[in-house]
Amino acid sequence: MPLFRFHIRRGLEFVFDPDGLHCADFGAAKREAIRGARSIFSEQVHEGKLWLDESIEVHDEADELVWTVTFATAVEIVRTPPLSRGQPMIYAA
Amino acid sequence: MLGPPGRSRACPLPSIAACLGRHAPTQVIALTSSWSALLPFLAKLERYGRLPADDREALLLLPHSLRTVIRGVHILREGERATTCCVVLAGYACRYKILPNGSRQILSVHMKGDGVDLQNAFIPVPDYNLLTLTAAEVALIPAAAIAEMLVDRPAIARALCIDMLLDAAIQREWTVNVGRRNARTRIAHFLCELGTRYETSGMGERDRYPFPLTQEQVGDVTGLTPVHVNQVFQSLRADNLLATEDRTLVVRDWPGLAAAGGFRSDYLNHARGNG
């Protein structure tokens, strides 16, 4: 299984991944990056401060940048349209 | 105070002559080649109080086979019948469970002197896997011999009981870790625990110890993803709490790391309150 490295970038700060991870293929590496982004993101939610532009950069064995996922794109953000006047409020469980 | 010259306190073993005097020759042949191998196990149990001389000897003379294994070897698999109990003599091993979706939770990490699965003496089918994290040396003791010893020798039974209770205390701390601590605190706590146990087992200093775990494995200990673990390590490094040098963990600021992990060592000590 090929080795991929998952470096983290937050603005000018760069966190190098010294170990890397063996992933079955590029798709698996992408999923790992998304999983990592969501994991860090969820902790930021707990702490109440989100870094939407933080990103995970996936590098292959030759140290080429092969993919980038920003935290903002690692999750789907759904916003319901505002209620119109007179419409009953329904609280979904 | 130093003892009289010529009497070394570093070698509290029964002499070979003593072994020869008390045991059938066939047994001695089997045992002399590795007669001191269980010494780390005895040293650990004697932390909970000194054992009577005959108990110490009985423990050291437990039948066992030695295995030197490379990193990543399963000593035991979940659901398979176990007839031996494993004692780690060198290196690190871990117990883990694996979920149907492939994710893994490391339940405990074991080092020199730890009797990992003494429960096999009574529960023959383990509910976990036992894997080496580094090259390791282990002693496999027949489960029946442990069970017999627990019945025959109350002082050893007491020590093994305390040992298992302390294991349970570590387990409770780990439950708090994955349940209630945030990523940074979890990892800082784990690193403090490992260092403290490393020092207690007499291998070296708590602020400089071999750290063979990969980010993925630390993630499996703490319930985090490898990417997240890397980020936390980086933040601990940036705060000058620790450094990693060639698979060695160097704690630069022990009080700082302990504070970051909310770590207090009392749960590792059977005589609570002594530090």
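What share of the contacts in chain B with a separation of 6 or more comes from residues 24 or more positions apart? The share is 71%, where contact means heavy atoms within 4.5 Å. This is a predicted model, in which local features need pLDDT of at least 70, side-chain atom pairs count only at pLDDT 80 or more, and totals for chains, interfaces and linings use all residues. Residues are numbered from 1 along each chain as its sequence is written, chains are lettered from A and ligands numbered from 1 in the order in which they are written, and side-chain values use heavy atoms, without hydrogens and water.

**View 1. Chain B contains ten helices and ten strands.** Helices (H or I, at least four residues) and strands (E, at least two) are DSSP runs, numbered from the N terminus. Of the 275 residues in chain B, 51% are buried, that is, under 20% relative accessible area with a 1.4 Å probe, counting protein chains only.

**View 2. An open sheet in chain B has three strands in the order E1-E7-E3, with antiparallel pairing.** Two strands pair if DSSP finds at least two bridges between them. Strands E1 (65-69) and E3 (84-90) of chain B each have a single partner strand, so one side of each lacks a neighbour in the sheet.

**View 3. Strands E3 and E7 (residues 136-142) of chain B pair in the antiparallel sense over six bridges.** B:Glu137 in E7(B) is the bridge partner of B:Ala90. Helix H5 (residues 143-152) of chain B packs on the sheet and touches E3 and E7 of chain B. The direction of H5 makes about 65° with that of E7(B); axes are lines fitted to C-alpha atoms, for helices over the stretch in contact, and angles run from 0 to 180 degrees between N-to-C directions.

Technical notes: Buried < 20%, exposed > 50% of the residue type's maximum accessible area, 1.4 Å probe, protein only.
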